[in-house]
Amino acid sequence: MLAFELFMQGLVQGSIYALIAVGLTLVYGLLRILHVAHAGLFTLGGYIGVLVTNATGSLALALLTAMIAVGFVGMALYRFCYQPILDRPPYVALIASIGLFIAMEEIFRIIFGPYGLSYTAPPLQAPIILLGMNLKAAEILTMVGALILIGGLGVLAGRTRTGIAWRATVKDPQMAESFGIDIVKVRYLNFFIGSALAAAAGVMVALLNNLVEPTMGSVPSYKALAIIVLGGLGNVRGTLIASLALGVIESFGTIYLGFLLDRDAIAFAFLILVLMIRPQGLVGRSNG
Amino acid sequence: MLRLEAMSCGYGPFSAVAELTLQVAEGSVFALIGANGAGKSSTIMAIAGHVDLHGGSITFDGRNLSGVPARQRVRAGMGLVPEGRRLFSDLTVDENLTIGGYCRAAERTPENRARVLDLFPRLKERLDQAAGSLSGGEQQMLAMGRALMTEPRLLMIDEVSLGLMPKMVDVCYDVIRRLKDRGITILVVEQNTSRALEVADHVCVLESGRQVWQGTAAEARADSGLVEAYLGLAEAQ
Ligand SMILES: Nc1ncnc2c1ncn2[C@@H]1O[C@H](COP(=O)(O)OP(=O)(O)OP(=O)(O)O)[C@@H](O)[C@H]1O
Ligand SMILES: [Mg+2]
């Protein structure tokens, strides 16, 4: 029973990693940029979630507001930070992105204070007995929410004309354009969706920890980078698998190796191990 | 319908084609031939809007295309089968056709797809297969089908026969003839000169980015010196 419970906890954490890492891998697939500042959008989502919930009492409204607002902020980041340097070598964008991430953390500190914010009346804390296990409602929401959001993304990408155009653009932007696709619009869509998913993750983490703080994006930022490498850069399916795998490994690791290593150390030991055995990532192909 | 006036194009400072003048008449087949590196693909990509003009002009239906982005050129009626085909390899055959029809209203896709599958029945059984898993011949069919989904009035095909077995080449040329009968204007780049001369009305020979000969296909066939000097050379590649 303990194993099953650990597994479920791992899936909850993995769902959060997935929501963050998918946006990162989407940006990488389209623009070959390592979008470190993505984790700043995750934090921003958390702040908006707490503030709107505290102001209105509605978590649903908070989630929606966070996703839409952060989606637009993501588009603005593309427009004002990345688009002007797209034809420079990739490290230029990487450095810009790291700088942007640090700046965002400082802005959060200045605006919201260094100690973080909490829900005045934390929603969804009631325990729910599911399959004989004690889970918080917030944890179930995290898993179900991630499933719905990522499932929705799958439907968009696989079944709609826009989604097909999106994948075609990732594969060969010049050809996509020569078939009438507006690749700049595709980039905006890409940033909107990726950022909105990160914001959703931020709201959920805020809910699980009942805390948002300026630096809450730091650990996820480098973990998500490691995850997308593990998933095969740009590969959405691989990224999802890597996220869930990492969540579960961490969950078991903290129990069985916790005396030796802390949670993050276990995660990175796992990443290093996998990359030593399979440098091409868990799923293998570099694109997909 | 298509007119190049002293068109020069290239990559950054590098010039690939210099002062090329040619005119493709509505409903005709125009063949662009020459050895490797002569500038054939650059010419086609300049017409499609992917290579920068260094001088001269390109007009399509009397409209000067300078400054018109590639995605508007396809809407204006230019279909492209690029060098190397460049299919969206991890998308399915059906999805590749959908992208082909992207520049037209979604409601037109089923009708256009039916027309393409009629032309290339082999693709019908492979609709859900990834484009990258098709054979070379099937990939060429899909590349042509994808271009036809754009409802082109001018179809540009870079390398019709390259890497295909003779039977496949026959299929492709057969389709080109049928498209011509439907009134589609066609610009082909071809290494296999004799095949090109069979269907072409007009021929232009490029060498090192310059035009060295231009005339009707009948003249080209009659001019044995020309065939030896340029075409034979291209054939030997
Ligand atoms: N992307 C590019 N960047 C720089 N130079 C290029 C590029 N593509 C082609 N060139 C150069 O432009 C010239 C013309 O090339 P192009 O591909 O148009 O020739 P081609 O006639 O199509 O040859 P082939 O028969 O080999 O396909 C060549 O010298 C080539 O090296
Ligand atoms: Mg070529």
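Is Glu83(B) buried, partly exposed or exposed? In this predicted model, Glu83(B) has a relative accessibility of 40% and therefore counts as partly exposed, since that class lies between the 20% limit for buried residues and the 50% limit for exposed ones. Glu83(B) is one of two residues that coordinate the magnesium ion (ligand 2): Ser41(B) contributes its OG atom and Glu83(B) an OE atom, at 1.9 to 2.4 Å. The two residues are 42 positions apart and join distant parts of the chain, with Ser41(B) in helix H1 of chain B and Glu83(B) in the loop between strand E6 (78-81) and helix H3 (93-100) of chain B. Ser41(B) has a relative accessible area of 17% and is therefore buried, because the limit for that class is 20%.

The loop that holds Glu83(B) also contains Arg85(B). Although Arg85(B) is not a glycine, its phi is positive, at about 70 degrees. The relative accessible area of Arg85(B) is 14%, so this residue is buried.

The sheet of chain B that was examined is open and has 4 strands in the order E2-E1-E4-E5, with antiparallel pairing. Its edges are formed by strand E2 (14-24) and strand E5 (63-64) of chain B, each of which pairs on one side only. Helix H1 (residues 40-48) of chain B packs on this sheet and touches E1, E2 and E4 of chain B; the direction of the helix makes about 110 degrees with that of E1(B).

Within the sheet, strand E1 (residues 2-11) of chain B runs antiparallel to strand E4 (residues 52-60) of chain B, and 7 bridges join the two. In this pairing Ser8(B) stands opposite Gly55(B) of E4(B), and Gly10(B) stands opposite Asp52(B) of E4(B). E1(B) is also paired with E2(B), again in the antiparallel sense and over 7 bridges. Gly10(B) takes part here as well, with Ser15(B) as its bridge partner in E2(B). The hairpin of E1(B) and E2(B) has 2 residues between the strands, and in this hairpin Gly12(B) takes a positive phi near 55 degrees. With a relative accessibility of 28%, Ala6(B) counts as partly exposed.

Helix H1(B), which supplies Ser41(B) to the magnesium ion, is largely enclosed by the rest of the structure, because 9 of its 9 residues are buried. Among these are Lys40(B), Ser42(B) and Thr43(B), together with Ile44(B), Met45(B) and Ile47(B). Just after H1(B), Gly49(B) adopts a positive phi of about 95 degrees.

Helix H6 (residues 166-181) of chain B has 16 residues, which at 1.5 Å a residue should span 22 Å; the end C-alpha atoms are 23 Å apart, in agreement with this expectation. The buried residues of H6(B) are Met168(B), Val169(B), Cys172(B), Tyr173(B), Val175(B), Ile176(B) and Leu179(B). They lie on the same side of H6(B), because the arc that they cover around the axis is only 155 degrees.

Just after H6(B), Gly183(B) takes a positive phi of about 95 degrees. Thr185(B) is located in strand E8 of chain B and, at 0% relative accessibility, counts as buried. Residues up to four places away in sequence being left aside, the contacts of Thr185(B) include Met1(B), Val24(B), Ala25(B), Glu26(B), Gly27(B) and Ser28(B), and also Arg153(B), Leu154(B) and Leu155(B).

Technical notes:
Residues numbered from 1 in each chain as written. Chains lettered and ligands numbered in written order. Predicted model: local features only at pLDDT ≥ 70, side-chain atom pairs only at ≥ 80, totals over all residues. Heavy atoms only, no water. Pairing = 2+ DSSP bridges. Contact = heavy atoms within 4.5 Å. Axes fitted to C-alpha atoms, helices over the stretch in contact; angles between N-to-C directions. Donors = N, O, S within 2.8 Å, 3.2 Å for Na, K, Ca; no water. Buried < 20%, exposed > 50% of the residue type's maximum accessible area, 1.4 Å probe, protein only. Expected span 1.5 Å × (residues − 1). Arc of directions from axis to C-beta.
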